[in-house]
Amino acid sequence: MPRFAHNNEIQIAFEDLGGAGGDPLLLVMGLGSSRFWWPDGLVDELVRRGFHVVAYDHRDAGQSTHLPDRHEGSPIAALLRHAPPAYSAEDLTDDAVAVLDALGWERAHLFGYSMGGLVAQRIAIRHPRRVLTLATSSAVPSDVKGLRVLRHLRLASLARFARLRHPETPQGNLALALAVARILAAPGRRVDECDVREIVDKEAAHQVAGFRDQRAQSRQIGAKWHGGPLARITAPTLVLHGSRDPLLRVSAARDIAAAVPGARLRVLPDVGHFLVGDIWATYADELRALADRVDARRDLRLDQER
């Protein structure tokens, strides 16, 4: 069952996924996605490596507060427009910190996926004292603005998203999730109903249907960032990206890694933009190694102080 944090009048749903007593890890999901898009198998791998894992829903997603509809246009139009947004990118980072406060976590490791990676970067910039480490995957740089973001996007995949039409029925929700997963998977990668059934069933049980509300997605992606550059990130940082990501070019990951001091880049061969099972262990290993860097630094500092 979800718990709820509050950022003023906004209610943010979050869920403890296991590993109590381990290192605190907050999962930050992508555009239009609920927390249920984090695969159970990946969470299990993270718990086995000593993490206490929590995931939450952004505002305008899942079981968190959805703002009143207004004329937003498509998500891409919202990304490029100059009209006043419904809320700021800073608000999205403060939602995550509200979750940390509700959990009683002074600091946490962050793992952000897709747009969640973008938000996680901004959390590390705006709230540096709350972030132990930062890991992003399949994300664009947080300080890229306007038309410059197009250099990282594969427009053919965006066009495929725009053409998705499925009825708002249980079978239609399954078909939509499957279509989304197939667009995001590496080219030639087989994705079947079994790969998304877990997600759809969990969403249905909580009366959630992901990727249905384009206006909500437009409000999320249209949130403007007024904060500092990536160079201000002080947390140890890992940048992951699939070499065959059909949505975002590897240039996005390279730009993040080049801008964040000391960041490590790993490009995963034959991996797309969908969290398929054969990369879960690799992701968990990478996050464990990143967290261990912090532990090693702390132990060294304590030895020097003795």
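Biologist: Let's begin at the surface: is Gln 207 buried or exposed?
Modeller: A word on the model first: it is predicted, so local features need pLDDT of at least 70 and side-chain atom pairs count only at pLDDT 80 or more, while totals for chains, interfaces and linings use all residues. Residues are numbered from 1 along each chain as its sequence is written, and side-chain values use heavy atoms, with hydrogens and water left out. Gln 207 sits in the loop between helix H7 (194-205) and helix H8 (214-221); helices (H or I, at least four residues) and strands (E, at least two) are DSSP runs numbered from the N terminus. Buried means under 20% relative accessible area, exposed over 50%, and partly exposed in between (1.4 Å probe, protein chains only), so at 79% relative accessibility Gln 207 is exposed.

Biologist: What is the phi of Gln 207?
Modeller: Gln 207 is not a glycine, and yet its phi is positive. The value is about 55°.

Biologist: Which hand does the unit of E7, H9 and E8 have?
Modeller: A crossover is right-handed if, with the strands pointing away from the viewer, the path from the first strand over the helix to the second runs clockwise. Helix H9 (residues 250-259) forms a β-α-β unit with E7 and E8. Its buried residues are Val 250, Ser 251, Ala 252, Ala 253, Ile 256 and Ala 257, and their cover includes helix H4 (115-126), E6, E7 and E8. The hand of the E7, H9 and E8 unit is right-handed.

Biologist: Over at the N terminus, which residue of the E1 and E2 hairpin takes a positive phi?
Modeller: Strand E1 (residues 3-7) and strand E2 (residues 10-18) run antiparallel, joined by 5 bridges, with Asn 7 opposite Ile 10 in E2. The hairpin has 2 residues between the strands. The residue with a positive phi, near 55°, is Asn 8.

Biologist: Which residues does Ile 10 touch, beyond those up to four places away in sequence?
Modeller: Ile 10 is found in strand E2 and, at 5% relative accessibility, counts as buried. Contact means heavy atoms within 4.5 Å. On that basis Ile 10 touches Ala 5, Arg 59, Thr 65, Leu 67 and Asp 95.

Biologist: E4 looks well covered; how many of its residues are buried?
Modeller: Phe 51, Val 53 and Ala 55 point one way from E4, and His 52, Val 54 and Tyr 56 point the other way. Strand E4 (residues 51-56) is mostly covered, and the buried count is 6 of its 6 residues.

Biologist: Which residue of E4 stands opposite Leu 26?
Modeller: Strand E3 (residues 23-28) runs parallel to E4, with 6 bridges between them, and E3, H1 and E4 make a right-handed β-α-β unit. E2 pairs with E4 as well, in the antiparallel sense over 4 bridges, where Asp 16 stands opposite Val 54. Opposite Leu 26 stands Val 54.

Biologist: Which element gives the most to the lining of the largest cavity?
Modeller: On a 1 Å grid over the protein atoms alone, a cavity is a set of points where a 1.4 Å probe fits but cannot get out, and lining residues have an atom within 4 Å of a point. The lining includes Leu 25, Phe 51 and His 109. Strand E5 (108-113), strand E6 (131-137) and helix H10 (280-305) each supply at least two lining residues. With 3 residues, the element that gives the most is H10.

Biologist: Finally, what is the volume of the largest cavity?
Modeller: Grid points are joined across faces, edges and corners, and a volume is the space filled by probe spheres set on the points. The count is 1 cavity of 30 Å³ or more. The volume of the largest cavity is about 30 Å³.

Methods. 1 Å grid on protein atoms, 1.4 Å probe; cavity = no way out; pocket = protein on both sides within 12 Å on 5 of 7 lines; lining within 4 Å. Pairing = 2+ DSSP bridges.
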